[in-house]
Amino acid sequence: MMRDVAYAQSEAQRMLNLLLTPEHEVPAAEREKIEQETVENFVNHINKGWLKYRKSMTEAGDYASVEWTGQGSILTDTRGREFIDILGGFGLYSAGIRHPKIVAAAKAQLDRSPQYSQEMLDPLRAHLGKVLAHLLPGDIQYGFFINSGTEAVDGAMKLAKLYTGKAGFISTERAFHGKTLGPLTLMGKAMYREPLLPLLGNVRHVPYGDAAAVERAIVSAHQVGDGIAAMIAEPIQGEAGAIIPPDDYWPKLREICDKYGVLLIADEVQTGLGRTGTLFGVDHWNVTPDIICLGKALGGGVIPCSGFFASKKVWECMEPNPFMHSTTTGGNPIACAAALAYINVMLEEDLPRQAREKGEYIVSKLEGLKAKYPQVLKEVRGKGLLIGMDFPTDEMGWQVASGMFTRRVLTAGTFINAKSIRIEPALTIGYDLIDEMLVRLEDVFKSIAKEQ
């Protein structure tokens, strides 16, 4: 492929013209062209493996659905087909797609200033920090804002090392903390780690939910002179399939970490801000971590926003040189405006309560389907609207995702456990859409059961 500046400019302008065209004026022929070009562009310029990975949305091998518009819990593709979204952008759309109050806040800040100068103090970032300090567990009051969940975990790892002067970490099997090199070291699945080994040293993995194994790992590390800076875990393992730990797990982690002078990091990127039926996942067990990571829902599903936060005692190590960790675009004014709007929506509409009540409703219905189709649905679990369904085989899990897509319901498996399909919709999803999703899900189960 040769450089062609004129063509590049014309193609950029063509797409911009399309974006500026009112939705109802975009002709069907243009949408079909976008559909065809999107597949070609993924093959030639992004990653053709993506189409194979997303095989549940490829029908008859001739085209893949291309997302076009969305609102609330409904996504529409270029062909005008509407899908019930129960994937929620892997937890991104806690307030739904394009919540009007969050979009309005982002637009208002865009009209004022899209970025900050890097030199003057920016009020929205500071204000968002204050608001979160009054929501976060315990005495956590300082934070650093960036763009993605993996950046939040990376920052938390640096903070833990800087504060303790130690380099080691304890993570868990089947954990998912992101895919940049630091968090990837903490990852609990071999297929993502092995091709990139060696990663960071002195990281130990123990079974999730086993506090005694954490203590043994810390003791073993100390005996051989390996300092452990922190233990990191998800309050509920999301990518593993909504794995809920024993009720004494998090209180014991707190006790063990205090006993050995190890920091406790809660990765709340997926569980935080209402998803599991409480403000934060650790609230189910009344535990305050030393460091907490947020992401996904924080930007309201409108602008990427994440962060890591800690108590004054832990954060003081960042004060002598505040540029030990820095970012150019993280915590930008538009992201902070969206985050403030999301927090307001979350509290105003009581999204944690909605998640709790709707989650209980869905789980009760799924238990009924499990009893009716035991050869298909093996297990159901979850808290709030972070729900996992387990199937006997990876292939059956794919059949369910594919069958739901054919019936216009968007869901997916997980990175860590291919047998699991998640139900992780917007916390604002209506009961009418929940019931319709359940009808279509039973139709999928019925179809699979006939093949057994």
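Helices (H or I, at least four residues) and strands (E, at least two) are DSSP runs, numbered from the N terminus. The model is predicted: local features need pLDDT of at least 70, side-chain atom pairs count only at pLDDT 80 or more, and totals for chains, interfaces and linings use all residues. Residues are numbered from 1 along each chain as its sequence is written, and side-chain values use heavy atoms, with hydrogens and water left out.

**Exercise 1.** Describe the surroundings of Phe445.

Step 1. Helix H16, residues 431–451, holds Phe445.
Step 2. Phe445 counts as buried because its relative accessibility is 0%.
Step 3. Not counting residues up to four places away in sequence, Phe445 touches Leu369, Tyr373, Val376, Leu377, Met389, Phe391 and Val400.
Step 4. Gln375 is 70 residues apart from Phe445 along the chain, yet their C-alpha atoms are separated by 9.2 Å.

**Exercise 2.** Is Leu16 buried, exposed or partly exposed?

Step 1. Leu16 belongs to helix H1, residues 5–19.
Step 2. Its relative accessibility is 43%, so Leu16 counts as partly exposed.

Notes:
Buried < 20%, exposed > 50% of the residue type's maximum accessible area, 1.4 Å probe, protein only. Contact = heavy atoms within 4.5 Å.
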